[in-house]
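Work through these exercises with the model open beside you. Try each task before you read its solution.

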Amino acid sequence: MKKLFLTLALCGMLFAEEGVKKVVFDLTSGKIEAIEKKVLSGIAFNKTHYENNLEKLDVAVVIHGDAYKFFINDLKNSPYKNDTILIKAHDQLGKRLTAMTKNYEVEFIMCESGMKSKKIDKNTLYDFVKLTPSSTIGLIDKQNEHFAYVPIH
């Protein structure tokens with residue numbers, strides 16, 4: 001009886017994942033064009049594609065490299081306080097990233113190790129940003145959860 005229950009439970013777990021695709025984006029680019037095309041527009045396009053095919057797409061984005069600046073809510077108290085291009089796009093970009101978490105359930109995960117080296121205070125980040133000890137750990141964890149790896153460099 002126990003074996004039958006265990007077998008049924010395992011089959012249920014396998015079928016529960018059917019129809020669910022998973023992707024983790026490795027975001028290192030500090031170019032606004034890259035975040036616009038690959039993250040904001042790209043994720044929306046991909047999510048819509050799978051939903052139109054009656055499938056679900058789970059999306060995570062691991063943030064490191066030059067991409068930290070896009071996820072800072074308080075630019076005045078950050079290393080990016082003098083980045084005029086970022087300052088100009090900041091309000092709109094923040095609203096759109098926040099919408100990605102609400103409308104598309106995107107998980108944004110930031111590398112703490114790089115934050116320390118760039119002197120980024122976690123209190124300056126948007127509330128939706130989660131932290132991981134390192135980008136490598138974040139990527140390993142997601143790939144071990146069967147997320148496909150896609151770089152955005």
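**Exercise 1.** Does Lys142 count as buried or exposed, and why?

Solution. This is a predicted model, so every value here is computed from it.
- Step 1. Find Lys142 in helix H5, which covers residues 135–144.
- Step 2. Take its relative accessibility, which is 9%.
- Step 3. Compare that with the cut-off: buried means under 20%. Lys142 therefore counts as buried, because its relative accessibility is 9%.
- Step 4. List what Lys142 touches beyond four places in sequence: Val24, Ala60, Glu107, Ile109 and Phe147.

**Exercise 2.** Which pattern does the chain follow along the sequence?

Solution. 
- Step 1. Count the elements: five helices and five strands.
- Step 2. Read them in order. The pattern is α-β-α-β-α-β-α-β-α-β.
- Step 3. Residues 24 or more positions apart account for 72% of them.
- Step 4. Turn to burial. Of the 153 residues in the chain, 40% are buried.

**Exercise 3.** Find what span helix H3 should have, and check it against its end C-alpha atoms.

Solution. 
- Step 1. H3 runs over residues 84–103, which is 20 residues.
- Step 2. The expected span is 1.5 Å times one less than the number of residues.
- Step 3. Now look along H3. A kink of about 55 degrees is centred on His90.
- Step 4. Pick out the buried residues of H3: Leu86, His90, Leu93, Gly94, Leu97, Met100 and Thr101. An α-helix has 3.6 residues a turn, so residues three or four places apart point the same way.
- Step 5. Ask what covers them. The cover includes helix H2 (32–52) and strand E3 (107–111).
- Step 6. Step past the end of H3. Glu105 takes a positive phi of about 55 degrees.

**Exercise 4.** Which residues touch the most other members of the largest nonpolar core?

Solution. 
- Step 1. This core has 34 residues; Val61, Phe71, Leu97 and Phe108 touch the most other members.
- Step 2. Trace its sources. E1 (20–27), H2, E2 (56–63), H3 and E3 each supply at least two residues. H2 gives the most, with five.
- Step 3. Follow Phe71. Among its contacts beyond four places in sequence are Leu27, Ile35, Leu97 and Phe108.
- Step 4. Find the second, separate core. Its six residues include Val62, Ile109, Leu139 and Phe147.

Note on methods. Residues numbered from 1 in each chain as written. Predicted model: local features only at pLDDT ≥ 70, side-chain atom pairs only at ≥ 80, totals over all residues. Heavy atoms only, no water. Helix = DSSP H or I, 4+ residues; strand = E, 2+ residues; numbered from the N terminus. Buried < 20%, exposed > 50% of the residue type's maximum accessible area, 1.4 Å probe, protein only. Contact = heavy atoms within 4.5 Å. Bend = angle between axes of the 7 residues up to and from the residue. Core = buried A, V, L, I, M, F, W, Y, C linked by side-chain atoms within 4.5 Å.
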